[in-house]
Amino acid sequence: MAFHLDDFLPYRLAVAAQQVSRRFARLYAAEAGLTIPEWRVLAHLNHSGSVSVRDIHTRVSLDKSVVSRAATRLEQAGLVAKSDHAGDRRLIALELTPQGRDLMDRLGQVAQAFQDRLLQELGPDAAALSAALDRLAQDPDAS
């Protein structure tokens, strides 16, 4: 039996995720000039409040250096503020500025509209796909 990459589920999932991510990236890049790492940092801060670069790196699946560079660009743009981390003086805490919160309010609407379109594209398969992704995202070794 020959191995075909196009039939390999992990590859197909990665390609689909990358395609969807690129489609959405075009929207927030057009709206706010953001890169994928910048979007992920802002979105995580919008959800979590003040957190460290290490926390963001763990949550958004990006290298710490990528998160740090994105945070620096966002700080220079006035969207993120850096401060000393309350629990660990070796860490820097990041949080959205009022300007960053305003941007995330706008981008949240863009994200919701994008998700609504994706769900419409998937039609009745959307719920099954969501459940399957939840199962795949679980770590089988973390029991």
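This is a predicted model: local features need pLDDT of at least 70, side-chain atom pairs count only at pLDDT 80 or more; totals for chains, interfaces and linings use all residues.
Figure 1. E38 itself lies in helix 2, and with a relative accessibility of 7% the residue counts as buried. The cut-off for that label is a relative accessible area under 20%, which is why a value of 7% places E38 among the buried residues.

**Figure 2. The chain as a whole, as a setting for the close-up views.** The chain holds 6 helices and 3 strands, and, read from the N terminus on, its elements follow the order α-α-β-α-α-β-β-α-α. Taken along the principal axes, the C-alpha atoms fill a box of roughly 55 × 35 × 25 Å. The chain has 143 residues, of which 26% count as buried. When contacts between residues at least 6 apart in sequence are considered, 49% of them join residues that are at least 24 apart.

**Figure 3. The largest nonpolar core and the contacts of L42.** The largest nonpolar core is made up of 27 residues, and L42, L45 and I56 are those with the most contacts inside it. Two or more residues of this core come from each of helix 1 (9-32), helix 2 (36-48), helix 3, helix 4, strand 3 and helix 5, and the element that gives the most is helix 5, with 6 residues. Around L42, leaving out residues up to four places away in sequence, the residues touched are L34, L74, L79, V80, L96, L103 and M104.

**Figure 4. The packing of helix 3 against helix 4.** Two packed helices are described by the angle between their axes and by the distance between those axes. Helix 3 (residues 53-60) and helix 4 (residues 64-76) pack at an angle of about 120 degrees, and their axes are 9 Å apart; the crossing of helix 3 and helix 4 is right-handed. On the side of helix 3 the contact is made by V53, R54, I56, H57 and V60, while helix 4 brings K64, V67 and S68. Sorted by class, the residues in the contact of helix 3 with helix 4 are 4 nonpolar, 2 polar and 2 charged.

**Figure 5. S61, in the loop between helix 3 and helix 4.** S61 is placed in the loop that lies between helix 3 and helix 4. Most residues other than glycine have a negative phi. S61, although not a glycine, has a positive phi of about 60 degrees. S61 has a relative accessible area of 63%, and because exposed means over 50%, the residue is counted as exposed.

Figure 6. A search of the whole structure finds 5 aromatic pairs. In one of them, F24 and W39 are arranged edge-to-face, with 5.1 Å from centre to centre and 80 degrees between the planes. This pair links distant parts of the chain, with F24 in helix 1 and W39 in helix 2, 15 residues apart, and both F24 and W39 are buried. Ring pairs also join F24, Y28, W39 and F114 into a cluster.

Figure 7. I92 is found in strand 3, which covers residues 92-96, and at 39% relative accessibility the residue counts as partly exposed. T97 belongs to the loop between strand 3 and helix 5 (98-122). With a relative accessibility of 13%, T97 counts as buried. Apart from its neighbours within four places in sequence, T97 is in contact with G78, L79, V80 and A81.

**Figure 8. L9 in helix 1, shown together with A126.** L9 lies in helix 1, and its relative accessibility of 48% makes the residue count as partly exposed. From C-alpha to C-alpha, L9 and A126 are 18 Å apart in space, and in sequence they are 117 residues apart.

Conventions:
Residues are numbered from 1 along each chain as its sequence is written. Side-chain values use heavy atoms; hydrogens and water are left out. Helices (H or I, at least four residues) and strands (E, at least two) are DSSP runs, numbered from the N terminus. Buried means under 20% relative accessible area, exposed over 50%, partly exposed in between (1.4 Å probe, protein chains only). Contact means heavy atoms within 4.5 Å. Axes are lines fitted to C-alpha atoms, for helices over the stretch in contact, and angles run from 0 to 180 degrees between N-to-C directions. A crossing is left-handed if the near helix is turned anticlockwise from the far one by less than a right angle, and right-handed if clockwise. Ala, Val, Leu, Ile, Met, Phe, Trp, Tyr, Cys and Pro count as nonpolar, Asp, Glu, Lys and Arg as charged, and the others, Gly among them, as polar. A nonpolar core is a set of buried Ala, Val, Leu, Ile, Met, Phe, Trp, Tyr and Cys residues joined through side-chain atoms within 4.5 Å. Rings of Phe, Tyr and Trp (its six-membered ring) pair if their centres lie within 6.5 Å; planes under 30 degrees apart count as stacked, over 60 as edge-to-face and the rest as tilted.
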